[in-house]
Amino acid sequence: MKRANTATAATLMVCSHLAVAGEWELKTDATYRDGARLDQTTYEADGSFDKRKIKEKHSKEFETQLAHYWLYQDDLKWGVRAGHRYKTQRDRELQLKKSGKVKKDKSRTEIDRTTYLGLTGEARVYQQLGADVWIASFYYDHYLQREYSAHRLGKDANDRRGSVSGYEWQARLYAEYSTPWPSIFVLPYVQFKEERLGLWYNSARDKVEEAERELQYEAGMSLSWVMPTPGWELNIGGYWQRERDAERRENESRWTWQDDENGVARIVLEYEAPMPGFEFEARLEETLRGPEEGKQRFNVELSYEF
């Protein structure tokens, strides 16, 4: 009887090991973003020249992330992750005279270094509500260290340097629906994200900067075409996004909120190579409605998973 119990226990341990397995993932992303260029001239009431503004924004981002996941029957996975993100953003902001000479130059390059530790998870449910699959995912990243610094300052630009604490988390629900055409799918999703940063001391200006908070609500849908060439996929669609930004000064308890809503059209071209996992994504977006109407953004992302 004792031998039988021992054998049963050993069998349960083996089954448990097979059902809940762990895996490591090391991923590196390189991203380039090109924002819209604004060249705007304004005039006085009598038609005379007032001022001309030029604004444009470009950014580069490099992120390395190490994660460990536990899997349960391919339907549920959860894990921990740690990463470092290095971002440079070049903001060009000029105010010109009628002659074309520079009146004010507030251009600058910001460097943002973030080290974080977080939790992540994903669950899949098949053949529900007419979808092939529903995928619910989340992550929570706590900033162990986040540092700002400004470089290549224009003569009228404000300097900025210091470190801040904070966190970011996101929850997302996504589905895949088949269509009468085998290579065409409908992909709806809803998503919520929050980022919160505390008060921090800007040593360049000897000033305590406001705490910041951002809430982002997003819902969208796209048509996906799995192309005949292996690994390639094209997505065409759009999304609605509501973004609420807030600031809170030192010794204040109330947040000052700003609320924006935008409707955005999007085209995404993706490539995913066979394992171990090279991925490429090119994304073009244009805001069709909202405060940023007419604004275009171009984004290219490369990643490699080991």
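**View 1**
Because tryptophan 232 sits in strand 13 (residues 232-248) and phenylalanine 280 in strand 15 (residues 278-289), the pair ties together parts that are 48 residues apart in sequence. Strands are DSSP runs (E, at least two residues), numbered from the N terminus.

**View 1**
Tyrosine 271 and phenylalanine 278 make a tilted aromatic pair, with 6.4 Å from centre to centre and 55° between the planes. How accessible is tryptophan 232? Its relative accessibility is 28%, so tryptophan 232 counts as partly exposed; buried means under 20% relative accessible area, exposed over 50%, and partly exposed in between (1.4 Å probe, protein chains only). Phenylalanine 280 is partly exposed at 24%, tyrosine 271 is partly exposed at 21%, and phenylalanine 278 is partly exposed at 33%.

**View 2. Arginines over tyrosine rings.**
Arginine 81 lies over the face of tyrosine 139, 4.6 Å from the ring centre. Arginine 172 lies over the face of tyrosine 189, at 4.6 Å from the ring centre. A charge sits over a ring if NZ of Lys or CZ of Arg is within 6 Å of the ring centre and within 35 degrees of the ring normal.

**View 3. Strand 6 and its partners.**
Strand 4 (residues 76-96) and strand 6 (residues 108-128) run antiparallel, joined by 16 bridges; two strands pair if DSSP finds at least two bridges between them. Arginine 90 has threonine 109 of strand 6 as its bridge partner. Strand 6 also pairs with strand 7 (residues 131-151), in the antiparallel sense, over 19 bridges. Tyrosine 116 is bridged to tyrosine 143 in strand 7. In that hairpin, with 2 residues between the strands, leucine 129 takes a positive phi near 55°.

The chain averages a pLDDT of 89, and 92% of the residues score at least 70; pLDDT is the predictor's confidence in each residue, from 0 to 100. Over residues 1-19, pLDDT stays under 50. Where pLDDT is low, the predicted coordinates should not be read in detail.

**Notes.**
Residues are numbered from 1 along each chain as its sequence is written, and side-chain values use heavy atoms, leaving out hydrogens and water. In this predicted model, local features need pLDDT of at least 70 and side-chain atom pairs count only at pLDDT 80 or more, while totals for chains, interfaces and linings use all residues.

Definitions and conventions: Helices (H or I, at least four residues) and strands (E, at least two) are DSSP runs, numbered from the N terminus. Rings of Phe, Tyr and Trp (its six-membered ring) pair if their centres lie within 6.5 Å; planes under 30 degrees apart count as stacked, over 60 as edge-to-face and the rest as tilted. Contact means heavy atoms within 4.5 Å.
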